[in-house]
Amino acid sequence: RYKLIIGGFGAGKSITGYEAAEWHILNVPNGRTLFGAATLPQLKMTMMLEFFQRFPVDLIERVNKQDNEVFIKNGHKIIFRPLYDEGLIRSINLTCFHVTEASEIKYDLFRQLKRRLRNRAAIIGGRDYRMGILDSNPEDNWVVREFAKRSGEAWRYTVDGRVPDKGLLEEAKISKRQIKSYATHIIPSYANPYLPDGWLEEQIAIIS
């Protein structure tokens, strides 16, 4: 139910999370999906930009620019919100949320989003399609301590596929704080085959 996509610059974290949310929007009629980021300018430069570039325009019924909301023809409603105050997401019942650069929001806001994930439109044919998605850089903060190190699933990716991250899984079990519905996906920059030639080498040269 809850997915953390974590990794280096250029790993494709935000796009991966967006595409999971887009699948949800297309397949859950009458659902409610929230795209969030720490500030509105950051949200406009990331999730809003990706949505209006990628989402099939012929499936959009109307756009409410004043409230930053989009209505899809299958009844799904998309909400774009900055996440600097819990009051901005109260009284919203969601089927899905995607927070980009999650390390920049407070842990309490993530907890509030989890409470909002209760819209029964996501229950289809006896299956529960509710989904919470986070993407983040690998910083030592609540995203790592309260999500990655508590995950019931943890995967590390390469260009050839993925393998379980045994270290994270073992740490979660030892702490006895493991949450089965949490899955962490660790994607290093080099695992993205779509980066321009030489881009990664340039970044390494800058850091060193």
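Colleague: Which side chain does His 98 meet in a polar contact?

Modeller: Asp 135. The side chains of His 98 and Asp 135 are joined by a polar contact of 2.9 Å. Keep in mind that this is a predicted model.

Colleague: Where is His 98 found?

Modeller: In strand E6, which covers residues 96–99.

Colleague: Is His 98 buried or exposed, and why do you call it that?

Modeller: Buried, because its relative accessible area is 0% and the cut-off for buried is under 20%.

Colleague: What else is His 98 in contact with, beyond its sequence neighbours?

Modeller: Leaving aside residues within four places in sequence, the contacts include Ser 14, Gly 17, Tyr 18 and Ala 21. Leu 34, Phe 35, Gly 36 and Met 47 are also among them. Ile 133 is another, along with Asp 135.

Colleague: How do the lining residues divide by type, nonpolar, polar and charged?

Modeller: Nine are nonpolar, five polar and one charged.

Colleague: Now backbone angles. What is phi for Asn 30 and Asn 68?

Modeller: Asn 30 has phi near 65°. Asn 68 has phi near 55°. Both values are positive in a residue other than glycine. Most residues other than glycine have a negative phi.

Colleague: Where are Asn 30 and Asn 68 found?

Modeller: Both are in loops. Asn 30 is between H1 and strand E2 (32–37). Asn 68 is between strand E3 (60–64) and E4. Asn 30 is partly exposed, at 47% relative accessible area, while Asn 68 is buried at 17%.

Colleague: What touches Gly 75, setting aside residues up to four places away in sequence?

Modeller: Asn 30 again, plus Gly 31 and Arg 32. Gly 75 is in the loop between strand E4 (69–72) and strand E5 (77–82). Its relative accessibility is 29%, so it counts as partly exposed.

Colleague: On to charges. How many salt bridges does a search of the whole structure find?

Modeller: Twelve. One of them joins the side chains of Glu 69 and Arg 81, at 3.2 Å from N to O. Glu 69 lies in strand E4 and Arg 81 in strand E5, so the pair ties together parts twelve residues apart in sequence. Both residues are buried.

Colleague: Where do Asp 108 and Arg 111 lie?

Modeller: Both are in helix H4 (residues 107–116), three residues apart, about one turn of the helix. Asp 108 is partly exposed at 40%, and Arg 111 is partly exposed at 37%.

Colleague: Which residue forms a salt bridge with Glu 146?

Modeller: Arg 177, with the closest N and O atoms 3.0 Å apart. This pair links distant parts of the chain, 31 residues apart. Glu 146 is in helix H5 (residues 142–147), and Arg 177 is in the loop between helix H6 (166–175) and E12.

Colleague: Which residues do salt bridges with shared partners join into one network?

Modeller: Arg 1, Asp 128 and Arg 130.

Technical notes. Residues are numbered from 1 along each chain as its sequence is written. This is a predicted model: local features need pLDDT of at least 70, side-chain atom pairs count only at pLDDT 80 or more; totals for chains, interfaces and linings use all residues. Side-chain values use heavy atoms; hydrogens and water are left out. Helices (H or I, at least four residues) and strands (E, at least two) are DSSP runs, numbered from the N terminus. Buried means under 20% relative accessible area, exposed over 50%, partly exposed in between (1.4 Å probe, protein chains only). A polar contact is a pair of N or O atoms within 3.5 Å; within protein, one must be able to donate a hydrogen and the other to accept it, and residues adjacent in sequence count only if both atoms are side-chain atoms. Contact means heavy atoms within 4.5 Å. Ala, Val, Leu, Ile, Met, Phe, Trp, Tyr, Cys and Pro count as nonpolar, Asp, Glu, Lys and Arg as charged, and the others, Gly among them, as polar. A salt bridge is a side-chain nitrogen of Lys or Arg within 4 Å of a carboxyl oxygen of Asp or Glu.
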